Amino acid sequence: MSIINDRLLGIHDDALILQERSLKLRAENIANADTPGYKARVMSFDQAMEAALQTKSSSQTGRLMTEDPRQIGGGASSSIREGFSVPDAPALDGNTVDVDKERVGFTQDAVGYQTTLSFLNSRVAGIKKALSGQ
């Protein structure tokens, strides 16, 4: 299954997983903007994507391949590295969420997610069309 995904979907299946995780982190940060002591979490999409690409290339060179990204050593989810954001001006209660930055980041991530999803939908539609002989 992994080889089929790599050839048909390229890196876009991993990108979708990583963008979804980034959206969840930002939503959690926004939801906890008023929670005293909450530390905003972030992930570097670029670093996570690079790690996912390295995982894919190493799996094609003979390493154990997995069919589900939740399995050990599989897919983009194993390459997600989260950290904590450093605020420009931390709140007195210890909360490090900058709501404005999180909203802008959430919007950017949502646009990237939608773009990747649209690409995958068109790719799947093209594959269906080819398989049906049209």
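Visitor: Which residues line the largest cavity?

Guide: S22, L25, R26, R41, V42 and M43 line the largest cavity. This is a predicted model, where local features need pLDDT of at least 70, side-chain atom pairs count only at pLDDT 80 or more, and totals for chains, interfaces and linings use all residues. Residues are numbered from 1 along each chain as its sequence is written, and side-chain values use heavy atoms, with hydrogens and water left out.

Visitor: What counts as a cavity, and what counts as a pocket?

Guide: Both are found on a 1 Å grid over the protein atoms alone. A cavity is a set of points where a 1.4 Å probe fits but cannot get out. A pocket is an open set with protein on both sides within 12 Å along at least five of seven lines. Lining residues have an atom within 4 Å of a point.

Visitor: What volume does the largest cavity have?

Guide: About 30 Å³. A volume is the space filled by probe spheres set on the points, and grid points are joined across faces, edges and corners. The structure holds one cavity of 30 Å³ or more.

Visitor: Which elements supply its lining?

Guide: α2 and β1 (41–43) each supply at least two residues. Helices (H or I, at least four residues) and strands (E, at least two) are DSSP runs, numbered from the N terminus. The lining divides into three nonpolar, one polar and two charged residues. Here Ala, Val, Leu, Ile, Met, Phe, Trp, Tyr, Cys and Pro count as nonpolar, Asp, Glu, Lys and Arg as charged, and the others, Gly among them, as polar.

Visitor: And the second largest pocket, what volume is that?

Guide: About 160 Å³. Its lining includes R26, V42, D98, K101 and E102. It divides into three nonpolar, two polar and five charged residues.

Visitor: New topic. How many helices and strands are there?

Guide: Four helices and two strands. Along the sequence the pattern is α-α-β-α-β-α.

Visitor: Which helix has the highest mean pLDDT, and which the lowest?

Guide: Among the elements, helix α4 (residues 99–132) has the highest, 92, and helix α1 (residues 2–9) the lowest, 59. Over residues 72–79 the pLDDT is below 50, though this stretch has 23 contacts in the model beyond near neighbours in sequence. pLDDT is the predictor's confidence in each residue, from 0 to 100. Contact means heavy atoms within 4.5 Å. The chain averages a pLDDT of 78.

Visitor: What span should α4 have?

Guide: At 1.5 Å a residue, its 34 residues should span 50 Å. Its end C-alpha atoms are 48 Å apart, which agrees. The expected span is 1.5 Å times one less than the number of residues. Helix α2 (residues 12–31) has 20 residues and reaches 28 Å, close to the 28 Å expected.

Visitor: What comes just after α4?

Guide: G133, with a positive phi of about 85°.

Visitor: What is L23 in contact with?

Guide: Leaving aside neighbours within four places in sequence, F106, D109, A110 and Y113. L23 and A110 are 87 residues apart in sequence and 7.0 Å apart in space, C-alpha to C-alpha.

Visitor: And Q19, buried or exposed?

Guide: Buried, at 11% relative accessibility. Q19 is in helix α2. Beyond neighbours within four places in sequence, Q19 is in contact with F45, G112, Y113 and T116.

Visitor: Which residues of α4 are buried?

Guide: E102, G105, D109, G112, T116 and L120.

Technical notes:
Buried < 20%, exposed > 50% of the residue type's maximum accessible area, 1.4 Å probe, protein only.
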